[in-house]
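Please look over the sequence and the structure before reading on.

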Amino acid sequence: MTNVTLVAGFLLVGFSDIQELQIVYGVLFLVIYLAILMSNLLIIILTTLDLQLQTPMYFFLKNLSCLDVFLVSVPVPNFIVNSLTNSTSISTLGCAFQLLLITSFSAGEIFVLTAMSYDRYVAICCPLHYEVIMNGGACVLMAGVSWAIGGLFGALYTAGTFFMPFCGSNVIPQFFCDVSSLLRISCSETRLVVYTSIGIGMCLGMSCFICIVISYVYIFCTVLKIPTTKGQSKAFSTCFPHLIVFTIFIITACFVYLKPSSNPPTVIDRLLSVIYTVVPPILNPVIYSLRNKDMKRALMRLLHKTCGQESHSL
C-alpha cells in the first residue's frame with residue numbers, strides 16, 4: 001500500500017496572486033453581491049406583501065429569487081472576505097458545505113425554472129383550465145419537490161465527491177470549491193459514486209430541458225395562432241425572458257460540472273464560473289420583474305403605503 005498524504009484543507013486561489021488586484025476583485029464582487037441581494041429581496045417582499053401578485057407565476061418567481069439569494073450567498077461572501085483579508089484557506093468541511101449548497105440550490109433552480117415553463121404552458125395553451133390546474137396546492141407541491149430534489153441531488157453529489165480521499169496539491173484554482181478541481185486532486189482510482197451522481201444530474205437536467213422545449217413548442221404554436229400582434233407580443237414577452245435565463249444557466253452549469261478542468265485553468269474556465277454563480281441572480285430581477293408592469297405597480301403601491309404610514313405617524 002502506497003503512502004498518501006491526505007489533504008486537511010484547501011486553498012482557493014481566486015483570480016489573482018497580486019494582493020491589490022484581489023482587493024479590487026473583492027470590492028467589485030461586494031458591489032455586485034449587494035445589488036443582487038437588494039433586487040432579489042425586493043422581489044421576495046413585493047410578491048409576498050402585494051395581494052395582486054398572489055398568482056402562480058409570481059409564486060415561482062419568489063422561489064426563484066430565494067434560490068438566487070441562497071446560491072450567490074454561498075461562494076461570494078467567502079470570496080469577498082478572503083480577498084479583503086488576503087486569506088485563501090478553507091477547511092475540508094467548509095468546502096464540502098460549499099459544494100453541497102451550491103449544487104442543491106443550482107439543481108433546485110433548474111426545477112423551479114421547469115415549473116415556470118409548465119405554468120406558462122398552462123396559462124397560454126389551456127387558459128380556461130389554468131386556475132384548476134395551477135391551484136395553490138399544485139404550486140406548493142411543485143416548488144416543494146423542486147427544493148427537495150435539489151437537496152437530495154446536492155447531498156448525493158457531495159457525498160460522492162468527498163467519499164474520495166484527496167492528496168498531493170490542495171490548491172483549488174477557483175474562487176469556490178468546484179467539482180472539476182476536486183476531481184483533479186483526488187487520489188482515488190474508484191470514482192463510481194461521483195460519476196453515478198453526475199449521470200443522475202445529467203438525466204435530471206436533460207429531462208428538465210426536454211420538458212421546457214416541449215412546453216415552448218406548444219406555446220409558440222399557440223401564440224402564432226393569436227390573431228392580434230399585441231396579443232402575440234404580450235405572450236412572447238412573458239416567455240422569452242424565462243427562455244433566456246434557463247439557456248444561460250444550463251449552458252454555464254454544463255461547462256462548470258462537465259468540462260474537464262484545465263491545469264492551470266484558463267480565463268474562460270474562471271469566467272464561466274463567475275457567469276454561472278453571479279449572472280443568473282443578476283439577470284432574473286432585471287428581465288423577469290423590474291421591467292414588469294405588475295411589479296412596478298406593486299412597488300409604487302408599497303411605496304405609497306409606506307409613505308402614507310410615515311405621514312400619519314408624524
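How many disulfides does the count come to? The count comes to 1 disulfide, in what is a predicted model.

## The disulfide

The bond runs between cysteine 95 and cysteine 177, with an S to S distance of 2.1 Å. Cysteine 95 belongs to helix α4, while cysteine 177 sits in the loop between β3 (171–172) and α7 (179–184), so the pair ties together parts that are 82 residues apart in sequence. A disulfide is a covalent bond between the sulfur atoms of two cysteines.

The torsion about the S-S bond of cysteine 95 and cysteine 177 is about -135 degrees, so this disulfide is left-handed. Cysteine 95 and cysteine 177 are both buried.

Cysteine 208 counts as buried because its relative accessible area is 3%, and the limit for buried is under 20%.

Threonine 114 is located in helix α4, which spans residues 92–125. Its relative accessibility is 12%, so threonine 114 counts as buried.

Leaving aside residues up to four places away in sequence, threonine 114 touches Cys208, Cys211 and Ile212.

## A nonpolar patch on the surface

Met206, Phe209, Ile210, Val213, Ile214, Val217 and Tyr218 make up a nonpolar patch on the surface. Together these residues have about 640 Å² of accessible area.

Methionine 206, one of the patch residues, is part of helix α8, residues 192–223.

## The chain as a whole

The chain has 11 helices and 3 strands. Starting at the N terminus, the order of elements is β-α-α-α-β-α-α-α-β-α-α-α-α-α.

The chain has 314 residues, and 45% of them count as buried. Among contacts with a separation of 6 or more, 79% are between residues 24 or more positions apart.

Definitions and conventions. Residues are numbered from 1 along each chain as its sequence is written. This is a predicted model: local features need pLDDT of at least 70, side-chain atom pairs count only at pLDDT 80 or more; totals for chains, interfaces and linings use all residues. Side-chain values use heavy atoms; hydrogens and water are left out. Helices (H or I, at least four residues) and strands (E, at least two) are DSSP runs, numbered from the N terminus. Buried means under 20% relative accessible area, exposed over 50%, partly exposed in between (1.4 Å probe, protein chains only). Contact means heavy atoms within 4.5 Å. Patches are made of residues with over 30% relative accessible area and no salt bridge: like charges are joined within 9 Å, nonpolar side chains (Val, Leu, Ile, Met, Phe, Trp, Tyr) within 5 Å. Accessible areas come from the Shrake-Rupley method with a 1.4 Å probe; for residues, only the protein chains shown count as cover. A salt bridge is a side-chain nitrogen of Lys or Arg within 4 Å of a carboxyl oxygen of Asp or Glu. A disulfide is a pair of cysteine sulfur atoms within 2.5 Å.
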